[in-house]
Each structure stands twice: as C-alpha cells, then as structure tokens.
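Have the sequence and the 3D view ready as you read.

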Amino acid sequence: MFDLGGDRGRVVVAIALAVMAGCIAGLRRHTFDEPLERDLTAYAVVAQGMLDGRALYADMWDHKPPGVHLAYALAIALFGFGPRAIYALSVGTAVLTLLGVYFAGSAGGRGRAVGLVAAAFWAAVSGDLYLQANQPNTEVFINVCLVWAFALAVGALPGLPSQGRSLGIGLLFGLAMVFKPVAVAVTPLVGLLVFAVPVARRRIAGLRVLIMAAGCIGVVAAMLLWFALNGTFADFWEAVVTYNQAYGGSTSDNLMMALRPDLFFSAHFSGVVPLLALAACGGLLNRFRWRVDVGMLGVWALGTFVAVAMPGRFFAHYYQLWLPLTAIAAAWALAGLAPRMPGEAAPAETPAAARPSGPAVADEEGSEKSRKGKKAKKGKKGKKGKGSAGAPVAAASEPEDAPRSGAAELPEAAALPRPAPMPRWVMLRSGLLLAALVWLQWPYYDLSPEQWSVTKYRETKFYATREYGRQIGQMLTPEETFHCIGSEPGLYFYAQRSPVSGVIYTFPLKQGPLTAKLATRMLTQLQKAPPELLVVTDWFPNTHPLGAWYQTNYRAFPDNKNREGFSYYYRTGGSLEARLFGQER
C-alpha cells in the first residue's frame with residue numbers, strides 16, 4: 001500500500017510538490033525567449049501604459065476585462081517591462097494551479113496520494129505546446145481561480161463550507177469573471193451544495209450559496225464601480241460588452257458549432273490524449289456512483305465546454321480550461337480502482353433512499369430507543385455515546401436547522417468513503433500514465449524557442465515582430481517615437497517603447513461597432529503627437545482618413561520590400577529623416 005498519512009506524509013507531499021514546481025519553472029525557462037504572440041504583448045503594453053498613468057479603455061484600448069491587465073501591471077512593476085514579467089506570470093500561475101489541483105484531488109476523503117497523482121498529471125501537461133499552455137494568456141488566471149474555488153467547495157464535504165469559505169468561493173468566481181466573463185458558465189457547480197445535505201438542512205445550504213453569489217457579484221460590482229468613479233465606465237462598457245457581443249456572435253450558434261467533431265475532439269489535445277481518455281472513461285464507469293463532489297466535477301466540465309464555445313473562435317489557448325479538471329478527474333478515476341476499507345460499502349451499492357451512516361445513524365437509533373421507552377441510561381448513551389464511526393452523537397433535542405459537523409451533514413446518497421492507502425498497482429498505473437504524458441511532451445523540448453512559436457501558430461510573424469521590434473528600439477533615439485498601424489503590439493514590447501495612440505489594434509477599425517470611433521481616436525492622437533516612424537502592417541487606402549493622413553505626411557523606406565509585410569515610413573521633415581536620409585537628400 002502507498003500511504004502518506006501522518007507528519008511523515010506531510011513532509012513527503014511538500015517535497016513532491018516543491019519538485020513539481022521546480023520542474024515547471026525549469027521547463028518554462030526553456031521557452032523564456034520564445035517570440036510572444038500578440039495577446040500577451042498587448043496585455044504587457046496596455047499594462048505598462050496603465051503604470052505610466054494612461055487610462056484603460058479610455059486611452060489604452062483592449063476588449064478584454066481588466067483582470068489580465070492588472071495582473072500584468074503587477075508583474076511588470078515587480079520584474080520590469082520585458083520577458084521576465086511574462087515568465088514570472090507563467091510560472092506563478094502554473095504553481096498556484098498545481099497546489100489547487102493537489103488539494104482538490106485529495107478532497108472527498110481520497111487522501112494525499114490521489115492529490116499528488118492529480119498534481120503530477122497537471123505538472124506534466126501544464127505547458128503543452130499545442131494548447132499554447134506555456135504562456136500566460138487569460139485562461140491560466142481563470143484556471144487558478146476555478147481550481148481553488150472547486151478545492152474550497154469539495155474540501156468542505158461531507159459538510160457545508162463555512163461562511164468564510166463560502167465567501168472565498170464566491171470571490172474566486174467573481175475574480176475569474178474579471179479575467180474573462182465566460183467563467184460564469186462554471187458558477188452553477190456551487191448549486192449542487194444544496195443537495196449535499198439532508199432536506200432539513202437545505203435552507204442553510206441555500207444561505208451558503210447566497211453568500212457565494214454575494215461574493216461573486218461583489219467583485220463584479222466593485223469593478224464596475226471603479227470605472228464609474230473614474231469616469232471611464234462608458235469606455236469600459238463599449239470595449240468589454242458592446243464590442244465583445246459583436247465579436248462573439250450568437251452564443252447558441254457557437255454552442256452548436258462546438259459540437260462539430262473537429263472542434264469537440266480538437267487536434268489541439270494531441271499532447272494530452274491519455275489524460276483525457278482516462279478522465280472520460282472514469283466518468284463513464286462511475287456514472288451510477290453518485291457523489292456530490294463527482295457531480296460538481298461534472299458541472300465544471302459542462303461549464304468548461306460552454307466557456308470554450310461562447311466566444312465562437314475556438315483558439316487553441318481556450319482549450320487550456322480543460323487541463324486542471326482533467327488532471328483531477330483522471331486521478332479520481334484511478335483512485336476508484338482502489339479497494340475500500342473493510343466493511344465499507346461502495347457508493348454504487350448505496351441506494352438513494354439508504355439510511356445515512358456514522359453519527360447520523362447513531363442519532364436515529366438513539367431517538368428510536370427513546371421512543372420505545374428504553375431505560376434512561378440507554379437513552380442517555382444513545383444521545384451522548386459513540387456512533388458507529390466512533391464520533392460523538394448530537395443530542396436528540398437539537399433543532400433540525402442547527403449546524404452540525406462531520407458526517408451528520410451528509411446526504412443519504414453522497415456518503416464519502418474514508419481515505420485508504422492506494423495499492424501499489426494503482427500507483428503503478430498512475431506512473432505509467434504519467435510516463436506516457438511525459439513521453440508525449442518531451443519532444444517539444446528538443447525544439448528551440450523560435451520553433452515553439454512557429455509550431456504553435458504555423459507562421460513566422462511573431463518571430464519577425466520580435467526581430468523588427470528590437471531593430472526599431474536600436475534605430476530610434478530615446479526622444480523619438482513610433483507607432484504601428486496594424487495589430488502587432490509586440491513591436492512596442494520588443495522595442496521597449498510606448499505607442500503614441502492607445503489604439504494598438506486595427507482590426508476593430510475595420511469591423512465591429514466601434515470602427516469610426518476608434519479610427520477617429522487613433523487619428524486624433526497621431527495628429528497631436530506625430531511619431532517619427534510608422535510601421536504599417538495593415539494597409540488603409542487614401543480614401544480612409546487614417547490612410548490619407550499617413551500617406552500625405554510620411555514617406556516609405558526604400559527597402560520596404562525586404563521586410564515581410566512590415567513597411568517602415570518616416571515623417572517628412574522629422575529628426576529621423578534628417579538622421580537617416582539627410583545626406584542622400
């Protein structure tokens with residue numbers, strides 16, 4: 001048997017988790033210099049602008065909620081505007097999720113060994129190349145919030161979460177929504193807690209769920225209030241709500257599209273197939289073994305399907321939301337193979353109408369003895385003695401809605417087994433699955449950071465963005481500025497410069513409900529402080545006000561044809577023209 005009980009087990013767990021965290025940090029270090037995609041560099045550029053005092057949405061425009069920008073701003077404040085901040089976010093979120101997966105995996109009476117198995121599965125796949133999981137996009141922050149909310153919820157079973165724990169669960173759900181509203185799809189899982197107690201106590205369970213809802217709503221309300229007090233609520237609403245409604249399209253159509261085999265069984269999962277297969281098989285084999293925690297995991301999975309589908313884009317990084325719950329589900333599936341303690345009934349053998357076990361049974365027996373007129377001594381013993389599990393029995397006169405502890409809060413059909421040491425053969429199977437995952441992931445680390453980028457995105461544009469950004473940073477003096485008319489914020493990131501206009505994308509200038517407003521904002525800001533250099537990656541004709549302005553006031557570099565779609569333009573009469581072309585002209 002593989003047993004991690006006692007203080008010695010705590011030390012083993014701490015060492016194992018530290019080793020896993022070190023492995024995550026080391027593997028992320030391999031891709032430290034990977035050319036970053038536009039989402040990540042946009043978050044960093046917007047965050048740096050916020051640190052410089054520029055208003056989010058009113059100046060620095062993005063259509064993501066503010067959570068990711070605040071997280072990046074914190075990392076940049078601590079580690080600087082560059083790859084170190086990205087690395088710190090990547091490792092930090094992965095380690096926080098590792099710990100959450102461990103605690104969630106060990107909950108429900110399964111024990112530390114199961115938690116370590118789940119954590120090991122997460123450590124193996126948390127940087128998957130084809131899911132773009134080695135870089136901190138919004139999904140990594142959502143995963144931290146959701147896995148810890150789930151761990152707090154199932155960790156309270158077989159009882160109800162305390163008021164403080166309930167508030168924490170709600171705050172985590174609200175925080176997840178501040179990173180991306182699609183996280184709302186997972187929040188119904190807490191509703192199952194109402195069914196985690198007998199009918200007589202569901203009023204208290206409902207109050208706990210209301211506390212969670214209050215915490216969640218409170219976080220979102222605080223975000224809205226902050227923008228209202230800063231006078232930028234209208235800008236926030238237009239970017240995050242109005243624009244995204246047009247961007248995502250019909251949610252019902254997106255959900256139907258998500259059922260297409262090529263999207264439901266996405267090729268992006270190629271590096272984590274064994275984990276998904278075990279999690280799915282475990283769910284099917286245990287479909288009749290109803291337990292509240294298994295039901296909550298199922299609701300989390302259904303919510304994840306909806307969250308991935310809601311934007312209607314199905315980018316690879318959306319599918320990262322499946323990783324933590326899959327690691328937990330696979331570990332739980334393996335734990336289900338372990339034999340139970342002597343005399344303990346499997347959940348499948350306990351019908352929905354069965355009598356509760358443990359102290360609850362003793363309580364009922366004591367009450368029955370009293371009703372039959374047993375001796376006072378036996379009646380007293382039935383009330384104050386030991387139950388079948390050796391725990392104190394609550395007094396028969398206790399009100400129905402009074403808080404109880406331990407197994408007295410269990411529903412009839414959700415009795416959780418006591419943790420048992422895992423057999424070595426179950427741990428062997430866990431090790432074989434872990435070896436298979438490592439075998440699938442290891443070839444990725446034979447690739448260079450540049451090859452990671454090309455393999456993930458099937459293009460070299462982000463590599464080119466990095467090289468041209470560094471070139472621009474060396475070309476310009478500290479006083480000279482530049483702006484990109486296109487959607488390549490990586491140029492600012494690698495040049496270590498701030499954009500002149502806070503509109504760092506051009507795709508919302510060409511489609512969506514804000515085309516005219518954002519085009520006018522960009523043009524106004526560029527006219528007010530004309531940059532010395534323009535980099536054009538998205539052409540606008542001279543019939544468009546923006547195209548007419550830069551084609552009138554800027555001249556093309558003579559070697560533009562060699563720049564793979566990155567066209568340089570210098571301002572006529574500016575310092576860059578005098579410095580670079582003065583002798584020729």
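A residue is called buried when its relative accessible area is under 20%, exposed when it is over 50%, and partly exposed in between (1.4 Å probe, protein chains only). This is a predicted model, in which local features need pLDDT of at least 70 and side-chain atom pairs count only at pLDDT 80 or more, while totals for chains, interfaces and linings use all residues. Residues are numbered from 1 along each chain as its sequence is written, and side-chain values use heavy atoms, leaving out hydrogens and water.

**Salt bridges overall**
- Side chains of opposite charge can pair when their charged atoms come close.
- A salt bridge here is a side-chain nitrogen of Lys or Arg within 4 Å of a carboxyl oxygen of Asp or Glu.
- Searching the whole structure turns up 16 salt bridges.

**Asp538 and Lys510**
- These two form a salt bridge, with 2.6 Å between the closest N and O atoms.
- The pair links distant parts of the chain, 28 residues apart: Asp538 lies in the loop between strand 2 (533–536) and helix 23 (545–553), and Lys510 in helix 21 (residues 507–510). Helices (H or I, at least four residues) and strands (E, at least two) are DSSP runs, numbered from the N terminus.
- Asp538 is buried at 19%, whereas Lys510 is partly exposed at 44%.

**Glu467 and Arg466**
- Their side chains meet in a salt bridge of 2.9 Å, N to O.
- Arg466 is buried at 5%, while Glu467 is partly exposed at 30%.
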